[in-house]
Amino acid sequence: MTPHADPQAGAAVKAADRAHVFHSWSAQGLIDPLAVAGAEGAYFWDYEGKRYLDFTSGLVYTNIGYQHPKVVAAIQEQAGRLATFAPAFAVDVRSEAARLIAERTPGDLDKIFFTNGGAEAVENAVRMARLHTGRHKVLSAYRSYHGATSTAINLTGDPRRWPSDQGSAGVVHFWAPFLYRSPFYSENEQQECERALQHLEDTIAFEGPQTIAAIILETVPGTAGIMVPPPGYLAGVREICDRYGIVFVLDEVMAGFGRTGKWFAAEQFDVVPDLMTFAKGVNSGYVPLGGVAISAEIAATFDKRPYPGGLTYSGHPLACAAAVATINTMEEEGVVEHAARLGETVIGPGLRELAERHPSVGDVRGLGAFWALDLVRNKETREPLVPYNAAGEANAPMAAFAAACKAKGLWPFVNMNRTHVVPACNITEAEAKDGLAILDEALTVADEHT
Ligand code: PMP
């Protein structure tokens with residue numbers, strides 16, 4: 001499929017969308033969604049025939065790009081053979097997907113509970129932790145995102161929680177480390193790590209360790225700013241959890257499946273959680289799939305006692321076929337290693353070079369195919385380019401930056417004062433460089449606001 005102009009068809013798609021589709025996270029009357037005609041690899045295109053390099057991989061999930069022929073063929077083959085089957089049965093493709101995932105997760109996370117996406121994975125991880133410990137409270141970080149269902153949104157530590165927050169009993173937020181905007185006013189990574197661990201210890205002491213079922217963290221917090229934790233932090237949290245009998249949950253919905261240049265980001269930090277959530281990259285989102293990888297000890301809790309949770313489409317054969325094909329393809333094509341190399345040799349150095357030249361780039365952070373630029377008005381004070389949670393006119397500088405990217409054929413990920421560089425993990429070096437060149441031009445628009 002190649003881009004060609006068909007504005008009339010585009011107008012019809014748009015009209016039906018505006019009439020009947022109720023969009024996520026949006027004021028329905030204020031949005032103007034682009035009508036998408038097709039996609040392939042790292043690109044998609046509209047009905048005007050305009051092509052965009054996708055620096056967002058959808059919502060950070062098309063880790064092997066759009067329309068990978070091997071994954072499409074696997075879904076087609078599965079649909080022809082056994083399109084669906086209920087979760088209580090052993091089905092070849094479900095068993096195989098679980099095996100391939102378990103073989104790649106760290107430590108003894110060898111049992112896989114399948115869900116339809118990330119939020120349901122978080123809901124079930126919390127349920128497992130509560131039942132396993134007999135405790136209720138869950139600690140999660142500010143500057144986090146864990147999903148939009150009821151427990152997951154309450155755990156989330158960004159403004160999207162505010163309208164839905166039921167003040168749900170048992171959710172307690174704490175500050176995780178983030179040196180560039182340090183909640184602890186630290187001067188270096190080691191200090192930030194020590195202070196963040198002390199703060200977590202203090203939070204636990206005042207909440208009562210015997211009441212805390214779980215601590216949940218994104219291994220590398222994604223939506224809230226791709227904040228790579230300082231060396232030693234996650235190992236420190238692991239040690240604290242062990243000391244108090246708290247279940248350690250790592251949310252790898254965004255950071256997993258090659259995004260950071262390892263199968264799972266936990267490997268980057270040499271840490272093994274008790275439960276690990278995944279979704280997105282597990283099958284590049286071709287069919288909705290998520291899940292929880294469960295340690296032997298927690299799985300044993302439900303050996304003779306039923307696990308009180310389930311989903312009609314858990315381990316859906318089409319989703320599992322897509323996962324098997326995605327994982328095998330990533331292995332065959334060396335996609336995980338490619339993402340690591342891209343981060344080290346192209347994206348990281350390229351973004352740092354932009355930071356040197358553009359007054360609006362305050363910070364560059366990330367790894368693999370998982371990077372953020374923190375845009376500022378002033379590099380010294382680090383004042384963000386737009387205020388926290390800005391909307392409308394207050395957000396105009398970021399909107400202008402995004403518009404400049406799009407005009408030049410780059411679809412950027414923009415969140416608050418940040419742009420994230422999160423392309424498909426198998427984007428070529430040349431494609432990545434094309435995207436960086438467009439970012440370079442668009443940043444001059446942001447520079448005007450410094
Ligand atoms: N956890 C993390 C870390 C995420 O990034 C997301 C989605 N962005 C979720 C959970 C929720 O996943 P889903 O939208 O599939 O429910």
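Visitor: Which helix gives the largest share of the shell around the ligand?

Guide: That's helix H5 (residues 118-133), with three residues in the shell. Keep in mind that this is a predicted model.

Visitor: Which of the 16 residues around the ligand come nearest?

Guide: Gly117, Gly118, Ala119, Gly147 and Val253 do.

Visitor: How do the residues of the shell divide into nonpolar, polar and charged?

Guide: You get seven nonpolar, seven polar and two charged. Gly counts as polar here.

Visitor: What makes a residue of H3 buried, and which ones are?

Guide: The cut-off is 20 or more other C-beta atoms within 10 Å of its own. Val71, Ala74 and Gln78 are the buried residues of H3. They cover an arc of only 60 degrees around the axis, so they sit on the same side of H3.

Visitor: What covers the buried residues of H3?

Guide: The cover includes helix H4 (92-104) and helix H10 (317-332).

Visitor: And which exposed residues does the face turned away carry?

Guide: Pro69, Ala73, Gln76, Glu77 and Gly80. To be called exposed, a residue needs 12 or fewer such neighbours.

Visitor: How confident is the predictor in the chain?

Guide: The average pLDDT is 96, on a scale from 0 to 100, and 99% of the residues score at least 70. The model scores ipTM 0.99 and pTM 0.97.

Definitions and conventions: Residues are numbered from 1 along each chain as its sequence is written. This is a predicted model: local features need pLDDT of at least 70, side-chain atom pairs count only at pLDDT 80 or more; totals for chains, interfaces and linings use all residues. A residue is near a molecule or strand if its C-beta atom, placed from the backbone, lies within 6 Å of it. Helices (H or I, at least four residues) and strands (E, at least two) are DSSP runs, numbered from the N terminus. The arc is that of the directions from the helix axis to the C-beta atoms. Two residues are in contact if their C-beta atoms, placed from the backbone, lie within 7 Å.
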